[in-house]
Amino acid sequence: MSDQSIIKTGLTLAVIAAICTALVALTFQATRERIAANEKALLEQSLQPALAGTFYDSGVSESRLVLPSPHGLPGNEPAVVYRVFAEGEPVAALFAVTARDGFSGPIRILVGIAVDGTVTGVRILRHRETPGLGDKIESARSDWIFQFDGHSMGDPVATGWAIEVDGGEFDQLTGASITPRAIIKAIRDTLNYFETHQDAIFLSESSGENE
Ligand SMILES: Cc1cc2nc3c(=O)[nH]c(=O)nc-3n(C[C@H](O)[C@H](O)[C@H](O)COP(=O)(O)O)c2cc1C
């Protein structure tokens with residue numbers, strides 16, 4: 001092979017390599033944007049059930065506030081608050097907090113609270129409770145988690161925020177009372193926090209979409 005053809009082959013390979021690199025970079029960029037869009041849609045979907053009956057016109061995930069520990073909310077992990085607005089006015093807040101004392105460890109829950117202090121919905125985000133026992137806290141497995149809807153700090157009064165066997169007003173799960181105790185305490189502590197920090201929550205600068 002002559003020197004000229006070696007140079008020609010080398011140049012051709014360099015051009016092909018440059019084109020391939022550019023294609024990979026472009027594909028990566030396009031994929032990353034699509035993944036981010038999908039993740040955002042998923043997040044919006046999981047937040048909406050905890051906002052049942054609430055009219056809002058803001059993007060829920062866009063008004064995200066991350067509160068590092070210690071924050072005064074249940075759990076040691078950072079708490080995440082999603083502020084929800086209608087025509088620019090606050091209507092509700094969603095709190096992702098951690099009930100620390102589940103039977104098998106921490107339980108991450110989402111508590112939706114309207115500005116009048118009533119619960120709009122509670123959903124389980126993450127747990128390791130026992131299948132057939134503590135996992136009935138999942139909305140897909142039983143109606144148990146729906147019983148908090150519409151309740152507030154004063155309804156029932158403090159002693160009522162417990163399972164029936166402890167003198168409270170909420171149903172326990174048969175044979176699994178540890179899991180409900182942890183969740184009820186976390187909901188009540190979140191309601192308590194909302195009552196005292198409501199103004200600051202809605203006035204704080206957003207933490208952006210990524211942790
Ligand atoms: C294998 C095993 C798994 C359990 N899983 C749970 C659970 O997920 N949640 C819970 O509250 N208790 C769980 N328990 C604990 C008991 O069932 C416990 O006695 C109960 O929480 C007390 O509830 P009770 O007052 O209704 O009897 C488990 C116990 C065993 C042996």
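**Reading strand E5 and its surroundings**

In E5, Val119 is the bridge partner of Ile113.

Me: What should I know about the model and its numbering?
Reply: The model is predicted; local features need pLDDT of at least 70, side-chain atom pairs count only at pLDDT 80 or more, and totals for chains, interfaces and linings use all residues. Residues are numbered from 1 along each chain as its sequence is written.

Me: In what sense do E4 and E5 pair, and over how many bridges?
Reply: Strands (E, at least two residues) and helices (H or I, at least four) are DSSP runs, numbered from the N terminus. Two strands pair if DSSP finds at least two bridges between them. E4 and E5 pair in the antiparallel sense, over 6 bridges. Their hairpin has 4 residues between the strands, and Gly117 there takes a positive phi near 90°.

Me: How many of the 8 residues of E5 are buried?
Reply: A residue is buried if 20 or more other C-beta atoms, placed from the backbone, lie within 10 Å of its own, exposed if 12 or fewer, and partly exposed in between. In E5 the count is 6 of 8, so the strand is largely enclosed by the rest of the structure. Across the protein, buried residues make up 29% of the 211 residues.

Me: Which residues does Ile109 contact, beyond its neighbours within four places in sequence?
Reply: Contact means C-beta atoms, placed from the backbone, within 7 Å. For Ile109 the partners are Val97, Ala99, Val122, Arg123, Ile124, Leu125, Ile183 and Ala186.

Me: What is the order of the elements from the N terminus on?
Reply: They run α-β-β-β-β-β-α, a total of 2 helices and 5 strands.

Notes. Two residues are in contact if their C-beta atoms, placed from the backbone, lie within 7 Å.
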